[in-house]
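Here is a quick tour of a protein model with a ligand in it. Have a look at the fold, then we'll go through the ligand site and one of the helices.

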Amino acid sequence: MTSQRTRERMIASLLDKGIKNWAVLDVMRTTPRHMFLDEALSHRAYEDTALPIGFNQTISQPYVVARMTEAVLGQRAPEQGKPARVLEIGTGCGYQTAVISQLAERVWSVERIQPLLEKARKNLSVLGIRNVRFKHDDGSLGWAEHAPFDIIIAAAAPQQVPSELLNQLADGGRLVLPVGSERGGQELLLIERHGDEFSSRVLEAVNFVPLYVGQVQY
Ligand code: SAH
């Protein structure tokens, strides 16, 4: 049930739902999502659905990971190469981290629940991924020391876009994040920086866990 065939089915479903970036689809085809789940759930790893990872958190739905990754990468000419610096907020078990780390040069990832961070660290090390640095902290503050970032991805929803994340975006950089409340509905936003101006576009309605601001747990 974790076979190549079930993975191909997941990729077919992503294509059906409108994902077009072949680099993203290729990375998701070869990244073993079942390794990020508890054994009892690994048979469901290639269903296009969010699943529990403990601590009341979830591994994101593959379609949402693909959509966010495709949106932040944008249209890149081959001579531009990979984006150099990525910040991720909400590492969770590290699945999105694994996907984006194969499409960028370096990734900095922040998670507020230490045991999840340790899980992610282990998962990426087993996969031989070495271009990621982790931090146990409140990710709504970003990671100022390593800014500016070409790409920022947040996997948990604040009520409003944290200003630190906007400040830490490079000129021409892109930030993708869900904004809103669990009850009132959330929108996935793509924000682009042009000098001191920011443009923002709604990609779609989504349903993420909340981004806890000002709190580090466990
Ligand atoms: N990226 C994961 C999804 C993780 S779910 C994947 O690939 O599947 C979202 C994560 O955001 C949770 O692990 C949660 O603990 C974390 N989170 C919530 N608020 C946070 C904050 N302020 N700083 C850092 N991480 C946060």
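How many helices and strands are there in the chain? The chain has six helices and nine strands, where helices (H or I, at least four residues) and strands (E, at least two) are DSSP runs numbered from the N terminus. Its radius of gyration is 16 Å, close to the 17 Å from the globule rule for 218 residues, so the chain is as compact as a globular protein of that length. That radius is taken over C-alpha atoms, and the rule is 2.2 Å times the number of residues to the power 0.38. Along its principal axes the C-alpha trace spans about 50 × 45 × 35 Å. Buried residues make up 51% of the 218; buried means under 20% relative accessible area (1.4 Å probe, protein chains only).

A word on provenance: this is a predicted model, in which local features need pLDDT of at least 70 and side-chain atom pairs count only at pLDDT 80 or more, while totals for chains, interfaces and linings use all residues. Residues are numbered from 1 along each chain as its sequence is written, and side-chain values use heavy atoms, leaving out hydrogens and water.

**The ligand site**

Around the ligand sit 24 residues, with Ser60, Gln96, Glu111, Gly139 and Tyr212 coming nearest. By type, the shell divides into eleven nonpolar, eight polar and five charged residues, with Gly counted as polar and Tyr as nonpolar.

Here are some polar contacts, meaning pairs of N or O atoms within 3.5 Å:

| Protein atom | Ligand atom | Distance |
|---|---|---|
| Glutamate 111, polar side-chain atom | oxygen | 2.6 Å |
| Glutamine 96, polar backbone atom | oxygen | 2.8 Å |
| Arginine 112, backbone N or O atom | nitrogen | 3.4 Å |

The protein covers 99% of the 570 Å² of accessible area that the ligand has on its own (Shrake-Rupley method, 1.4 Å probe). Strand S2 (57-59), helix H4 (95-101) and strand S4 (106-111) each give two or more residues to the shell. S2 supplies the largest share, three residues.

**Helix H3**

H3 runs over residues 62-73, and its end C-alpha atoms are 16 Å apart, which agrees with the 16 Å its twelve residues should span at 1.5 Å a residue. The expected span is 1.5 Å times one less than the number of residues. Is this helix mostly covered or mostly open? Mostly covered: eleven of its twelve residues are buried, among them Pro62, Tyr63, Met68, Glu70 and Leu73. Glycine 74 follows H3, with a positive phi near 65 degrees.

Terms used:
A residue is near a molecule or strand if one of its heavy atoms lies within 4 Å of it. A polar contact is a pair of N or O atoms within 3.5 Å; within protein, one must be able to donate a hydrogen and the other to accept it, and residues adjacent in sequence count only if both atoms are side-chain atoms. Buried means under 20% relative accessible area, exposed over 50%, partly exposed in between (1.4 Å probe, protein chains only).
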